[in-house]
Amino acid sequence: MFDPRARARFRRNGTAVAGTAVVAALVVFAVLGPLFASHDALQSDFAHGVGPDRLPVGPCAAFPLGADRVFRDVFARLAVGGRISLLIAISATLIASTIGAAVGIAAGYLEGRRFARVLDVDGVLMRFVDVLLAFPFLLLVMAIGTALDRTSAVTIFLVLGLTGWLGIARILRAKTMQIRSLDYVVASRALGQPTAWVVVKHVLPNVAGSLIVCATVLVAQMIVADSVLSYLGLGISPPTPTWGRMLFEGQEVLGAAPWMVAAPGAAIVLAVWGFNMLGEGLRDALDPHEG
Amino acid sequence: MRSIRTRAEPLPAWAWALLATVACSQSVPAPMPAAAADAPPRRGGELHLASFADIRNGLDPVVSPDGLSAGPMHLIFAGLVDYDAEERIVPDLAERWEVADAGRTYRFFLRRGVTMQDGAELTADDVKRSAERALHPTTPDANASTFDDLVGFAAYAAGKADHLEGVVAEDRYVVAFHLAKPDATFPYLMTLPTLRPTCRTAGDRYSDTWLPCGAGPFLLRPGDWKRGVTLRLVRHDAYFRAGLPYLDAVEWSYNMTQLAQRVRFERGELDIVRDLTFADASRFVADPRWSSLGVVEADVRVYGEAMNTRVRPFDDVEIRRAVAAAIDRTQYVLMQPMTTTAMDQALPGVVAGVDASFPHQRYDLAAALEHMRKAGYPYDPATGEGGWPEPIEYLAYDPGLPALTSQILQQDLARIGLRLHIKLVSFAAFLAIQQREGGATMSQGNWTLDYPDPSNVFDTLFASSAIDPSGSLNTAFYSNPALDALLARARVEIDPAARMEMYRQADAIVCDDAPWAFTFGYHAFDLRQPYVRGFVPNAMRPLDATRVWIARPAPGARAPEGAP
């Protein structure tokens with residue numbers, strides 16, 4: 001993104017620009033939406049939220065996106081839920097990216113070397129990754145989530161972050177191995193530069209593009225994972241809204257009150273699509289040879 | 001790495017069709033065709049039912065029935081007594097009974113010529129053998145202590161006696177149950193499956209490989225119970241009520257989602273649907289073709305917010321009273337208006353002797369705030385200052401109604417300065433935590449009546465004897481010696497009027513002490529195809545298929561317009 005040519009490539013990619021716009025719109029909605037909501041996201045309105053058929057009212061002036069099962073404003077809950085869902089996804093991605101980058105770069109840079117002639121750091125790290133990858137991601141997250149007190153946003157993003165770094169580690173390992181063999185990196189090492197210096201000066205800048213792309217796509221995966229956890233009842237406890245929990249609570253009345261599912265469903269689809277397109281656009285812009 | 005480019009492809013036609021179907025599926029199809037309303041009963045046909053859950057505890061009557069096993073168990077095993085349409089106890093396998101020895105002896109005179117499903121005739125020895133099998137210490141049953149008033153029960157349950165002294169086969173067709181003290185609830189206990197006569201194939205000890213076999217109207221054949229999938233019972237041709245049952249078979253499907261049940265019901269593959277979502281039920285009821293085919297069953301389950309009286313802050317009766325007064329029960333029932341009724345006392349309407357005019361727990365916010373003040377934790381709603389200083393953990397299970405009602409409760413209690421932190425767990429974890437002493441500070445309690453007598457609610461939920469540190473049905477761990485004494489007297493009181501007066505006093509004590517804040521009663525809502533005929537309304541046996549028949553139209557009759 002720092003290279004003007006990359007910026008130009010990104011701007012020419014209509015899908016990427018659209019994805020960025022959608023992500024930006026969702027962030028704005030999450031930040032500012034509650035300010036424009038007519039109701040508190042956590043308070044029921046039994047005076048106006050109950051329809052003549054005793055079902056929650058549909059979209060109307062007082063409830064722009066209708067009311068939910070507990071007769072709360074879906075608009076307000078969607079915005080507050082957006083804050084939480086996006087916060088969890090982005091926080092989890094930052095944790096996963098940090099761990100994934102550290103493990104991937106360490107494994108890739110130390111590949112083929114043994115400490116004290118015995119310890120194969122790359123082998124140990126990658127076998128550990130392989131073992132964790134053998135578990136289905138959601139199953140692993142659910143198992144950890146069930147074992148822990150899973151009622152806070154912090155717990156959720158820690159669980160997601162601590163289990164979501166495996167793919168990044170593999171990709172960055174491969175990228176680091178490639179960079180490590182470049183002539184100027186070999187020369188730098190031959191001149192006796194410390195390993196940390198070489199990593200910071202040469203490796204990190206070269207893997208940054210891949211890391212940003214992976215992280216952007218990972219945000220989308222985290223949104224889905226958080227939604228699935230909430231949908232399965234393993235997310236943040238009510239009444240705190242998350243998009244997945246809203247989806248879950250609305251499914252029972254899907255036929256009669258489709259807005260309860262449509263609003264969070266659309267938000268999840270848009271967010272996932274937006275972050276995926278943004279990530280694809282960044283990949284094409286930052287690494288055109290691979291496009 | 002090659003880029004995988006994604007394009008914004010338009011949605012395919014099938015996706016639009018699916019979306020349109022979901023968005024516009026407000027109308028319901030017509031009921032399936034049926035014979036004329038005055039068509040006489042006829043033999044044949046099958047009844048198909050379904051549930052989203054599965055039988056948990058098996059079909060042996062000695063094992064506590066769960067919500068799904070009770071129906072099939074009742075059809076396989078007839079009892080000495082049963083309920084009529086007004087929930088009165090009437091003879092069934094017994095042709096009559098007498099009470100002697102000032103309420104300490106119940107003597108049952110069996111019908112002659114009753115053929116069990118193994119072809120043998122029912123005798124008093126079968127009744128005694130079945131009772132001893134059910135109450136034997138090796139039988140894995142939580143219900144045995146229900147019969148601890150039987151003479152000799154303690155010695156038999158401890159393995160110190162070979163036979164149960166209190167059950168005596170006086171001759172081939174007369175069996176007597178001797179009690180250590182009078183027990184007005186004993187006839188109700190005999191309606192439970194536990195002591196129902198079993199075939200001699202059951203032997204005299206419990207075995208989990210036994211094929212259930214009794215004297216009921218339907219029998220289970222080998223291989224007809226596929227655990228978790230289907231259970232099929234076929235007609236017992238030698239059933240003692242001549243001409244019954246009409247149906248060839250009754251079949252239940254298990255673990256079927258609510259959506260699948262609705263679709264299969266609409267297609268006529270299920271004859272009754274009981275697990276409709278509230279929204280789907282509303283749509284059917286709103287349709288004039290279906291409105292008369294919905295059946296609202298009686299409230300047989302009572303719900304309340306159980307407060308652990310041994311844990312702060314609910315060890316303070318004023319806090320409990322504040323909670324009971326702060327709950328607006330009319331809001332609760334909006335979560336499931338088709339199946340819930342607001343309740344402010346311990347007894348659902350199906351229980352005989354319920355006094356609806358009695359002042360029970362009522363919603364009164366000012367009174368609730370006054371109770372908080374008396375407890376020493378005044379709360380000012382205008383400033384939000386005061387109240388109980390710590391968050392209170394509220395245990396609920398998910399998915400389920402408590403996950404929704406807990407959010408209403410949280411708002412109600414916030415108005416009096418009690419802040420709830422909702423903790424959702426699985427149903428199994430919920431039960432384990434709730435029933436353990438100190439496990440849950442507050443949780444949703446519910447109780448499904450085993451029989452429509454006040455003792456089943458009070459003795460089970462609020463008596464000190466129901467407290468068990470490892471698995472307590474008294475989930476509030478509430479103990480009140482005055483209530484215990486009153487319940488003990490009521491249990492042995494033979495005069496119905498005097499007994500009911502005692503339970504009114506018990507109700508007043510429980511409502512005032514508020515170990516539970518009662519919230520709503522629950523009833524099932526059934527939707528039945530119009531060709532399903534013959535159900536006898538009965539709160540305790542809502543889907544008793546004994547007298548049911550299928551009234552399909554005669555071949556060549558025209559189906560109504562819109563029928564699938």
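Residues are numbered from 1 along each chain as its sequence is written, and chains are lettered from A, ligands numbered from 1, in the order in which they are written. Because the model is predicted, local features need pLDDT of at least 70 and side-chain atom pairs count only at pLDDT 80 or more, while totals for chains, interfaces and linings use all residues.

**Chain A**

Chain A has eleven helices and zero strands. Helices (H or I, at least four residues) and strands (E, at least two) are DSSP runs, numbered from the N terminus. The C-alpha trace spans about 80 × 45 × 30 Å along its principal axes. Of the 291 residues in chain A, 49% are buried. A residue is buried if 20 or more other C-beta atoms lie within 10 Å of its own, exposed if 12 or fewer, and partly exposed in between; C-beta atoms are placed from the backbone. Among contacts in chain A with a separation of 6 or more, 71% link residues 24 or more positions apart. Two residues are in contact if their C-beta atoms, placed from the backbone, lie within 7 Å.

Helices α4 (residues 121-134) and α7 (residues 166-180) of chain A have axes that come within 10 Å and cross at roughly 145°. Axes are lines fitted to C-alpha atoms, for helices over the stretch in contact, and angles run from 0 to 180 degrees between N-to-C directions. A:M126, A:V129, A:L132 and A:L133 of α4(A) meet A:L166, A:A169, A:R170 and A:R173 of α7(A). By class, this contact has six nonpolar, no polar and two charged residues. Ala, Val, Leu, Ile, Met, Phe, Trp, Tyr, Cys and Pro count as nonpolar, Asp, Glu, Lys and Arg as charged, and the others, Gly among them, as polar.

Helix α10 (residues 243-250) of chain A has eight of its eight residues buried, so it is largely enclosed by the rest of the structure. Its buried residues pack against α3 (74-109), α9 (195-231) and α11 (259-286) of chain A.

**Chain B**

Six strands of chain B form an open sheet in the order β14-β20-β13-β19-β17-β18, with mixed pairing. Two strands pair if DSSP finds at least two bridges between them. The edge strands, β14 (340-342) and β18 of chain B, each pair on one side only. Neighbouring strands of this sheet are turned by 30° against each other on average, direction ignored. α11(B) packs on the sheet and touches β13, β17, β18 and β19 of chain B; its direction makes about 170° with that of β18(B). Strands β13(B) and β19(B) run antiparallel, joined by seven bridges. In this pair, B:A306 stands opposite B:S443 of β19(B).

Helix α11 (residues 401-414) of chain B is largely enclosed by the rest of the structure, because eleven of its 14 residues are buried. Cover for these buried residues includes α8 (317-326) and α9 (329-332) of chain B.

**Backbone sites**

Most residues other than glycine have a negative phi, and most peptide bonds are trans. The table gives exceptions.

| Site | Feature | Angle |
|---|---|---|
| A:P238 and A:P239 | cis peptide bond | omega about 10° |
| B:L244 and B:P245 | cis peptide bond | omega about -5° |
| A:F71 | positive phi | about 60° |
| B:D101 | positive phi | near 55° |

A:P239 lies in the loop between α9 and α10 of chain A. B:P245 lies in the loop between β9 (230-235) and β10 (249-253) of chain B. B:D101 counts as exposed, with 12 C-beta neighbours inside 10 Å.
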